[in-house]
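Student: I would like to learn how to read a structure like this one. Can you take me through it feature by feature?

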Amino acid sequence: MKKKIIFAIFIIALGATCFAQNNIFNVRIGYSKVGGAIETPFANYQLYSDYSAPIPSGSTLTVDADLLPLSPRLSFGGYVEIGRSCAYDQPTLPILEEPSVSFHYGINLSYRMLDLSSEKWDLRLNGSLGSYWCPHITTQVEYGLGAMLAYYPFKHFGLFGELSWGSYLCSQRYSNIIGHGNTKAKVGISYRF
């Protein structure tokens, strides 16, 4: 059994090395912002459950990575985003706010649109499915489809921008209101192998 596991790891590593030669693997670190029409927000502790006015969008620090090649153009990956959230110290005293952290995490598929020999530009279609979590609410589902454009002035380092449409959650910086937006924009740096 141990030999089979070692052999499987070797085959996966060999395949990853071959695909890495086509620059399909990359890691992206950036800043994202959720916006668009904010629908049906809800509150931690269920305060203001009938509140329906638009709220400011939320922002996060994000890390995306391609983890497994499925073909020379298609890759499977994952992402993690960390943002600020606020949870009330006591539900009856909304003046007392306690800063907390929110997490977005999930999986994504990325399809490379440009010729594999392209050195400077990378254009991808992305799909994601994940979750949003912050204190005092249950985990919420997020999903989206989008496009990413990256420019590599250097062999391994570049800049990227991404715009996605779907269902995203965000928290207002100094409020316990959680909002639901339909667009997400990301910008940052990309490292390709």
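**Reading the model**

Tutor: Start with one residue and its neighbours. Leaving aside residues up to four places away in sequence, I189 touches V27, R28, I29, G158, L159 and F160. Keep in mind that this is a predicted model.

Student: Where does I189 lie?

Tutor: I189 is in strand β9.

Student: How far is I189 from Y31, taking C-alpha atoms?

Tutor: The two C-alpha atoms are 9.5 Å apart, although 158 residues separate I189 and Y31 along the chain.

Student: Now the whole chain. How many helices and strands does the protein chain have?

Tutor: Count 1 helix and 9 strands. In sequence order the pattern reads α-β-β-β-β-β-β-β-β-β.

Student: How do I read the contacts of the whole chain?

Tutor: Look at sequence separation. Take contacts between residues at least 6 apart in sequence: 62% of them join residues at least 24 apart.

Student: What share of the residues is buried?

Tutor: Of the 193 residues in the protein chain, 39% are buried. The accessible surface is about 10600 Å², and carbon and sulfur atoms hold 70% of that area.

Student: Which residues make the nonpolar surface patch?

Tutor: Y111, M113, W121, L123, L125, L149 and Y151 make a patch of about 620 Å². Two elements give two or more residues each: β6 (121–133) and β7 (140–151). The most comes from β6, with 3 residues.

Student: Why does the W121 and Y151 pair tie together parts that are apart in sequence?

Tutor: W121 belongs to strand β6 and Y151 to strand β7, so the pair links parts 30 residues apart in sequence.

Student: How accessible is W121?

Tutor: W121 has a relative accessible area of 41%, which makes it partly exposed.

Student: What are the centre distance and plane angle for Y191 and F193?

Tutor: The centres of Y191 and F193 are 5.2 Å apart and the planes make 85°, so the pair is edge-to-face, because an angle over 60 degrees falls in that class. Y191 is partly exposed at 29%, and F193 is partly exposed at 45%.

Student: Which residues do ring pairs link into a cluster?

Tutor: F157, Y191 and F193.

Student: Last, R192. Is R192 buried or exposed?

Tutor: R192 is buried, at 2% relative accessibility, because the cut-off for that class is under 20%. R192 sits in strand β9, residues 177–192.

Student: Which backbone oxygens does the side chain of R192 reach?

Tutor: Take two. A polar atom of the R192 side chain lies 2.5 Å from the backbone oxygen of E119. The R192 side chain also reaches the backbone oxygen of K155, at 2.7 Å.

Note on methods
Residues are numbered from 1 along each chain as its sequence is written. This is a predicted model: local features need pLDDT of at least 70, side-chain atom pairs count only at pLDDT 80 or more; totals for chains, interfaces and linings use all residues. Side-chain values use heavy atoms; hydrogens and water are left out. Helices (H or I, at least four residues) and strands (E, at least two) are DSSP runs, numbered from the N terminus. Buried means under 20% relative accessible area, exposed over 50%, partly exposed in between (1.4 Å probe, protein chains only). Contact means heavy atoms within 4.5 Å. Accessible areas come from the Shrake-Rupley method with a 1.4 Å probe; for residues, only the protein chains shown count as cover. Patches are made of residues with over 30% relative accessible area and no salt bridge: like charges are joined within 9 Å, nonpolar side chains (Val, Leu, Ile, Met, Phe, Trp, Tyr) within 5 Å. A salt bridge is a side-chain nitrogen of Lys or Arg within 4 Å of a carboxyl oxygen of Asp or Glu. A polar contact is a pair of N or O atoms within 3.5 Å; within protein, one must be able to donate a hydrogen and the other to accept it, and residues adjacent in sequence count only if both atoms are side-chain atoms. Rings of Phe, Tyr and Trp (its six-membered ring) pair if their centres lie within 6.5 Å; planes under 30 degrees apart count as stacked, over 60 as edge-to-face and the rest as tilted.
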